[in-house]
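I keep these notes as a record of what I looked up, in the order in which I looked.

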Amino acid sequence: MSGEWSVLEVVRWTTTYLQEKGVDNPRLDAELLVGSALHKDRVGLYLSYDQPLEQSELDTIRALVKRRALREPLQYILGYTEFWSLPFRVGPEVLIPRADTEVLVEEGLKVLEQREGTVLDVGTGSGAIAVALAHTAGVRVHAVDISPTALEIARANAATNEVGELVTFAPADLHALNGGGYRMVVSNPPYVTWAQMCELMPEVKQHEPELALNGGEDGLGAYRSLARQADSLLEPEGWLLVEVGVDQADAVGDIFKSAGLQQCFQRRDYAGIVRVVGGQALGDYSDVQENADEKLNG
Ligand SMILES: C[S@@+](CC[C@H](N)C(=O)[O-])C[C@H]1O[C@@H](n2cnc3c(N)ncnc32)[C@H](O)[C@@H]1O
C-alpha cells in the first residue's frame, strides 16, 4: 500500500487480501480494522469513503491488517469486544467471551430471580459472566481464576462497567475451592478435549490462552471437580450452572447426578446446541428442621 489511496480502495483491497488468507467475514473485518486505524465507527467510515489517506494512516492500517492476516482474532487487535451488550477489554491473556455464553447468564438470572444471594464465578477470564450478572441483577459476585493476568483484566472490566464494588476477584484453583454459602456457582471452565485441541481454528489455537481451553483428555475434569465441591460451596437449594461443549451435556448431567445434585436440567443456545447444564444442591436442612421443630414445640 503506497501512493494515493481512498478509504474505499483500502477497504476493498483489505477485504480481498484477508479473504485470500482464509479469514471469515473479510469485508466486516476490513471495515473494522480500517475504522480502528482512522478512529471512526462504521458509519463514519462510510461517510469518508472518498477521503484520500495519508501515508502514516496507510502504515497504521497495514500493521493491523498484517496481524489479522496472521489470523490473530479481530477482538485482540481492536483490544475489546462486547458481551451482554457491555464493553469488555480483551487480550491474549483471556478467552474472548462468546455470545453462546450469554445463555448461561440468562439461566443464572432466573435462579437469582427466585432468590438473591452471592454468586461464585469459577474461571472468570475477562470477567464476562461475573460482570454481566452483577450489572443486571445487582448481586455480589466472587470471581476466581487461576491466571493472575486474567484477573487483572477482569478487574478492569468490572470497573469500566461500574460494578467494581459488587464483584471481588481472587486467585483460586477450581479443583480446590474455598468458602461456602453461595446461592449459585457459575462456570464456563476449560472443556476442549485433547483431540479437539488439534482441530481448532488458527484464531483460537494459536492466539487464545491454552489454559482457558484445554480440558484434559475427555474435557470433563473441571465438571467432576465442581460437582464434587458443590455441596460445600452452595447454600441449601443453591445451584451449580455450567457451560458445556458440544455433545458434553449428557455426560456432565451424569456427573452432576452422581455427585447428588438434584433437578438437573439442560438449556440450548440460540443455535440449538445444549450449552448449559444445571443442578441443585440438596444441602444441609438441619438448621431449617431445628427451627421448624422449635416453632412446633412452642
Ligand atoms: C473457557 S475460559 C472462560 C472465561 C470466561 N468465564 C468466559 O466465559 O468468557 C476458562 C477460564 O478458566 C480459567 N482456568 C483454567 N484452569 C483453571 C483452574 N484450574 N482453576 C481456576 N481457573 C482456571 C482460565 O484461566 C480461563 O480464564
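Predicted model: local features only at pLDDT ≥ 70, side-chain atom pairs only at ≥ 80, totals over all residues.

**Entry 1, helix α7.** I began at the end of α7, which is followed by Gly138. The phi of Gly138 is positive, near 65°. Helices here are DSSP runs of H or I with at least four residues, strands are runs of E with at least two, and both are numbered from the N terminus. Is α7 enclosed or open? Helix α7 covers residues 128-137, and it is largely enclosed by the rest of the structure because seven of its ten residues are buried. I use "buried" for under 20% relative accessible area, "exposed" for over 50% and "partly exposed" for what lies in between, with a 1.4 Å probe and protein chains only. The buried residues of α7 are Ala128, Ile129, Ala130, Val131, Ala132, Leu133 and Ala134.

Residues are numbered from 1 along each chain as its sequence is written, and side-chain values use heavy atoms, with hydrogens and water left out.

Val105 lies in helix α6, residues 102-114. Its relative accessible area is 0%, so Val105 is buried. Which residues does Val105 touch, not counting those up to four places away in sequence? They are Phe83, Trp84, Ile129, Ala132 and Leu133; a contact means heavy atoms within 4.5 Å. Ile129, Ala132 and Leu133 are also among the buried residues of α7. I also checked Val105 against Ala212, which is 107 residues apart from it along the chain. The C-alpha atoms of the two are separated by 19 Å.

I then turned to strand β1, residues 80-83, where Thr81 has its place. Thr81 counts as buried because its relative accessibility is 10%. Leaving aside neighbours within four places in sequence, I listed its contacts as Gln75, Leu86, Pro87, Phe88, Val90, Ile96 and Pro97.

Ser147 lies in the loop between β4 (141-145) and α8 (148-160). With a relative accessible area of 9%, Ser147 is buried. Where does the side chain of Ser147 reach? It reaches the backbone nitrogen of Ala150 at 3.0 Å. I count a polar contact as a pair of N or O atoms within 3.5 Å; within protein, one must be able to donate a hydrogen and the other to accept it, and residues adjacent in sequence count only if both atoms are side-chain atoms. Not counting residues up to four places away in sequence, Ser147 touches Glu93 and Leu211.

How many residues are around the ligand, and which come nearest? There are 19, and Gly123, Asp145, Asp173, Leu174 and Asn188 come nearest. A residue counts as near if one of its heavy atoms lies within 4 Å. I sorted the shell into ten nonpolar, seven polar and two charged residues. Here Ala, Val, Leu, Ile, Met, Phe, Trp, Tyr, Cys and Pro are nonpolar, Asp, Glu, Lys and Arg are charged, and the others, Gly among them, are polar.

- Asp145 lies 2.6 Å from an oxygen atom of the ligand.
- Asp173 lies 2.9 Å from a nitrogen atom of the ligand.
- Asn188 lies 2.8 Å from an oxygen atom of the ligand.

On its own the ligand has 590 Å² of accessible area, and the protein covers 94% of it. Accessible areas come from the Shrake-Rupley method with a 1.4 Å probe; for residues, only the protein chains shown count as cover.

Arg71 has a phi of about 70° and sits in the loop between α4 (55-69) and α5 (74-78). Arg71 is buried, at a relative accessible area of 14%. Glu237 also has a phi of about 70°, but its place is in strand β7, residues 234-243. Glu237 counts as partly exposed because its relative accessibility is 33%.

The protein has 14 helices and nine strands, and 49% of its 298 residues count as buried. It is divided into domain 1 (7-70) and domain 2 (81-286), bounds that come from an automatic or database domain assignment. The centres of the two domains, taken over C-alpha atoms, are 35 Å apart. Along the principal axes, the C-alpha atoms fill a box of roughly 90 × 40 × 35 Å.
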